[in-house]
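I opened the model to look at how its parts meet, and then at one residue away from that question. My notes follow.

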Amino acid sequence: MKLSVVGLGYVGLIQAAGMAKLGYEVIGTDIDKEKVDNINNRVPPIYEKGLKELLDEIVPRKLTATQDLKKAIKESEVTFICVGTPSKRQGEMSLHQLENVLKQISTVLDKYHVFVIKSTVVPGTCENVVIKTMENAGKRYKVDFSVVMNPEFLREGEAIEDFFAPDRVVLGSSDEKALSIVKMLYSEFKCPFVESGFKEAEMIKYASNAFLATKISFINEIGNISKIYGIDANVVAKGMGLDKRINPHFLRSGIGFGGSCFPKDVSALVYKATELGYNPRLMRSVLDVNRDQPLKLIELLDRSAGPIKGKKIGLLGLTFKSGTDDIRESPALLTIKELLMEEAKLCIYDPKAMDKVQKIFPHLTYEKTGQDVIKNSEVVLILTEWPQFRELDFGNKLVIDGKNLFYDGKRPKNYMGICW
Ligand code: UDX
């Protein structure tokens with residue numbers, strides 16, 4: 001069976017490469033010519049551990065990329081739709097990319113085709129948008145096409161590992177035939193399969209991300225209270241995490257969560273719940289705590305090394321987490337904005353994201369190494385937990401850590417943490 005993947009971003013490219021590695025013939029499609037050319041030349045368009053080796057193995061033997069969406073659809077029987085659903089101004093999910101792709105697809109469909117939705121979409125989207133758009137184009141559900149909701153749970157930086165070793169595969173549909181076709185594609189996976197209706201599968205994705213975000217804002221709130229007490233929140237988290245009902249994961253307090261998923265997904269669920277007439281107080285608070293969390297680092301800086309105006313401040317890390325080149329919703333960007341408003345003099349280093357940030361803040365000092373940041377600043381802020389920062393020589397410089405880089409106690413001489 002030949003597969004196609006629409007949208008070759010952080011999710012789609014891993015889905016395409018993963019299915020190709022499983023032995024399927026995959027044609028990936030994207031509107032971005034540079035991305036398509038890079039993939040066909042085995043050049044990873046994103047930084048993801050193991051991606052280069054994977055592309056070397058499967059391109060062009062099993063995976064090819066094209067800008068021609070219609071060709072991709074015509075040459076395949078099952079299509080994974082992995083286009084973005086970014087936030088609109090009020091937090092509402094934007095379906096523009098998805099609707100645009102569906103309209104194009106409906107013009108070329110001439111045989112039964114299964115569409116697997118991996119884009120994160122609010123409950124009701126598969127039935128009210130995906131199926132409706134195809135039916136409005138004259139296609140018959142379960143006859144000319146079918147739909148399965150198959151949310152992804154990939155963590156950036158661990159995406160390939162997560163693809164091949166998922167905790168579960170979630171498949172939502174009202175068409176048993178389509179469910180069995182997609183289940184067969186994942187037949188090598190030994191994890192539990194959760195089969196459900198469309199809405200349950202759509203909600204599992206949002207609820208999972210909203211819960212993880214809640215866990216982070218919770219430990220950040222505990223961390224903020226602990227900091228006032230002079231309590232080390234990391235020790236508190238260790239004591240909590242040994243309770244198997246809590247578990248040790250996602251209990252790392254710090255400058256808050258970023259990335260393209262948690263902020264977007266929690267905001268979209270808050271928006272949708274409100275639209276339905278429910279007031280999601282808890283999830284609004286999760287976003288409020290997270291929005292203010294980077295400011296805690298700046299307050300600590302001001303208290304311990306103020307005034308900030310004119311001070312040479314070094315920033316180590318720009319990405320929203322280590323192991324990725326992604327700066328989307330990174331707390332480091334808000335930190336830069338706040339420090340610039342306080343008229344600090346900034347020098348910056350990140351192993352993977354310097355070029356992206358330079359496009360946003362062209363007039364800052366971008367150092368070649370982390371050691372140069374330390375050398376050229378009075379105070380150093382740790383904004384991303386890149387492991388190589390642990391080996392730097394901080395001398396007597398004040399280090400304010402927003403990401404618990406020195407979790408094992410190997411702390412610099414003049415050190416303090418945001419919540420510990
Ligand atoms: C997340 C979900 O984990 C994944 O299942 C979903 O498919 C996409 O969104 P990702 O955003 O790539 O994955 O990274 P993740 O490792 O979950 O971290 C998200 C953010 O939370 C990062 O900014 C990270 O630094 C922060 N975080 C994570 C904490 O602040 N504390 C923690 O304990 C864990």
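This is a predicted model: local features need pLDDT of at least 70, side-chain atom pairs count only at pLDDT 80 or more; totals for chains, interfaces and linings use all residues.

**Domain interface and a strand residue**

I then looked up the domain bounds. Domain 1 covers 2–196 and domain 2 covers 226–417. I noted 33 Å between their C-alpha centres.

Next I checked how many salt bridges the rule finds across the interface of domain 1 and domain 2, and the count is 1. For polar contact across this interface I got 8 residue pairs, both residues at pLDDT 80 or more. On the side of domain 1 that touches domain 2, I listed 6 nonpolar, 6 polar and 3 charged residues.

I looked up the contacts as well: 15 residues of domain 1 touch 16 residues of domain 2. The two domains bury about 1,400 Å² between them, and carbon and sulfur atoms carry 55% of it. Which three residues supply more than any others of the area that domain 1 buries against domain 2? I found Tyr10, Tyr47 and Glu156, with 43%.

Last, I turned to threonine 365, which lies in strand S11, residues 365–366. Beyond its neighbours within four places in sequence, threonine 365 contacts Leu346, Cys347 and Ile348. I also noted tyrosine 407, 42 residues from threonine 365 in sequence and 29 Å from it in space, C-alpha to C-alpha.

Technical notes
Residues are numbered from 1 along each chain as its sequence is written. Side-chain values use heavy atoms; hydrogens and water are left out. Domain bounds come from an automatic or database domain assignment. Contact means heavy atoms within 4.5 Å. Buried area is the accessible area (1.4 Å probe) that two parts lose on being put together, summed over both. A salt bridge is a side-chain nitrogen of Lys or Arg within 4 Å of a carboxyl oxygen of Asp or Glu. A polar contact is a pair of N or O atoms within 3.5 Å; within protein, one must be able to donate a hydrogen and the other to accept it, and residues adjacent in sequence count only if both atoms are side-chain atoms. Ala, Val, Leu, Ile, Met, Phe, Trp, Tyr, Cys and Pro count as nonpolar, Asp, Glu, Lys and Arg as charged, and the others, Gly among them, as polar. Helices (H or I, at least four residues) and strands (E, at least two) are DSSP runs, numbered from the N terminus.
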